[in-house]
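Hi,

Here is the structure I promised to pass on.

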Amino acid sequence: MVNANSSSVKSDFKNASQDLLYWYDKMARRLPWRLSPDNRKKGELPDPYHVWLSEIMLQQTTVPHATPYFLKFLDLWPTVQDLAAAENEDVMREWAGLGYYARARNLHKCAKVLAGLDKFPNTIEELLKLPGVGPYTSAAVGSIAFDLPVAPVDGNIERVISRLMTISGDGSAAGWAEDKKEITARVQELVPARSGDFAQAMMDLGATVCTPKTPNCMICPWVESCLAKKEGNPEDYPAKPKRKPQPIRKGLAFLAICDGQVLLQRRPDSGLLGGMLMPLSSDWAEGREYVVLEEAPIGADWKHVGQARHVFTHFALHWDVYVANLEQKPDLEGEWIKLEYAMEAGIPTVGKKALKLV
DNA sequence: AAGTCGGGGCG
DNA sequence: CGCCCAGACTT
């Protein structure tokens with residue numbers, strides 16, 4: 001529901017942008033892909049490759065989780081041309097553990113596009129054409145790398161602006177969808193000349209002060225202008241629709257061991273864990289009993305060694321793990337990886353959970 | 001508009 | 001345990 005107050009944004013939040021920038025000049029987080037406000041005020045801008053790479057990694061991913069991956073990727077591939085020239089399997093291996101593997105595939109595809117251009121795209125229209133770059137990332141790269149007069153809207157900024165302007169959903173999916181559009185439209189009116197710092201300042205505010213559960217309003221640069229604070233219940237904003245509970249899927253993992261090596265197979269490019277190396281497995285399904293001898297890829301003396309559990313976005317997996325020590329390698333597709341290297345072979349977390357049971 | 005797609009951290 | 005995180009893409 002949008003606040004019924006019909007007075008203009010500009011009169012209500014006239015000083016909000018400058019208040020936030022003043023706070024950011026002192027409190028900005030130092031992050032590996034970020035240029036300090038001091039340097040930006042001298043006219044410097046960050047490397048668009050760094051900004052783009054970080055933004056892809058940070059989609060639905062926390063800063064602490066993404067940071068070591070960002071440093072590793074820059075070390076392996078210092079320029080976008082280097083990344084474009086990499087083998088896709090190497091990119092996927094280095095991305096392993098970061099999740100949402102379609103991002104890695106689109107990242108590599110996008111690097112090849114970028115390497116063929118004269119300069120990094122510097123308009124929203126051009127950025128939106130790039131694979132893996134949507135409304136958020138185009139605005140983030142546009143503002144942070146080029147100071148285009150746009151504001152990205154991510155989960156942090158949705159929350160911060162929702163509270164500042166008391167724009168909140170009614171708990172329904174449709175209501176929240178409408179309010180996200182409203183937030184996106186109204187935050188654009190706040191964008192100051194330093195649009196890149198403004199974007200990063202809102203993210204910092206959401207990450208360190210205006211947090212989801214218990215916002216620390218006492219140290220907030222917007223405490224005077226925030227309508228939700230005036231209402232007294234900023235923690236109630238925004239009211240998002242509840243996610244429905246995840247069903248449990250059950251399946252069996254088959255760790256075929258031979259000569260100190262384990263058999264891994266690369267999954268198809270599309271779908272869950274697309275393009276990633278994983279142990280052999282049965283299908284995963286809800287409410288079904290499994291018979292080892294029927295589901296196993298080969299007949300062998302399979303021994304149950306435990307259960308790996310993993311929560312995906314829309315289901316949880318209970319994966320019973322079976323191991324067989326084979327005399328000779330069977331005629332199966334895949335790659336035999338030495339067990340002592342398996343944890344560094346680029347296997348998604350769920351696969352590593354199963355392998356740890358060996 | 002709803003579903004698909006990881007993983008980790010925090011209360 | 002549920003919720004959240006610098007979302008994009010498909011149907």
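Between domain 1 and domain 2 there are 2 salt bridges, a salt bridge being a side-chain nitrogen of Lys or Arg within 4 Å of a carboxyl oxygen of Asp or Glu. Arg105 and Asp269 form a salt bridge through their side chains, at 3.0 Å from N to O. On the side of domain 1 that touches domain 2, helix α7 (residues 88-95) gives the largest share, with 3 residues; helices here are DSSP runs of H or I, at least four residues, and strands are runs of E, at least two, numbered from the N terminus. By class, that side of domain 1 has 4 nonpolar, 1 polar and 3 charged residues. For the classes, Ala, Val, Leu, Ile, Met, Phe, Trp, Tyr, Cys and Pro count as nonpolar, Asp, Glu, Lys and Arg as charged, and the others, Gly among them, as polar.

Before you go further: this is a predicted model, in which local features need pLDDT of at least 70 and side-chain atom pairs count only at pLDDT 80 or more, while totals for chains, interfaces and linings use all residues. Residues are numbered from 1 along each chain as its sequence is written, chains are lettered from A and ligands numbered from 1 in the order in which they are written, and side-chain values use heavy atoms, with hydrogens and water left out.

As for the domains themselves, chain A is assigned domain 1 (9-236) and domain 2 (248-355), with bounds from an automatic or database domain assignment. Their centres, taken over C-alpha atoms, are 37 Å apart. In contact (heavy atoms within 4.5 Å) are 8 residues of domain 1 and 13 residues of domain 2. About 760 Å² is buried between the two domains, with carbon and sulfur atoms giving 57%; buried area is the accessible area (1.4 Å probe) that two parts lose on being put together, summed over both.

Now the DNA. Around DNA strand B there are 20 residues, and Gln60, Tyr101, Leu273, His310 and Thr313 come nearest; a residue is near a strand if one of its heavy atoms lies within 4 Å of it. A polar side-chain atom of Tyr101 sits 2.6 Å from a phosphate oxygen of DNA strand B. The surface near DNA strand B has 9 nonpolar, 10 polar and 1 charged residues.

DNA strand C is surrounded by 26 residues, the closest being Glu55, Gly132, Asp154, Asn156 and Arg159. Which part of DNA strand C does a polar side-chain atom of Glu55 lie 2.7 Å from? A base nitrogen. Gln60, by contrast, has a backbone N or O atom 2.7 Å from a phosphate oxygen of DNA strand C.

Best wishes

Methods
A polar contact is a pair of N or O atoms within 3.5 Å; within protein, one must be able to donate a hydrogen and the other to accept it, and residues adjacent in sequence count only if both atoms are side-chain atoms.
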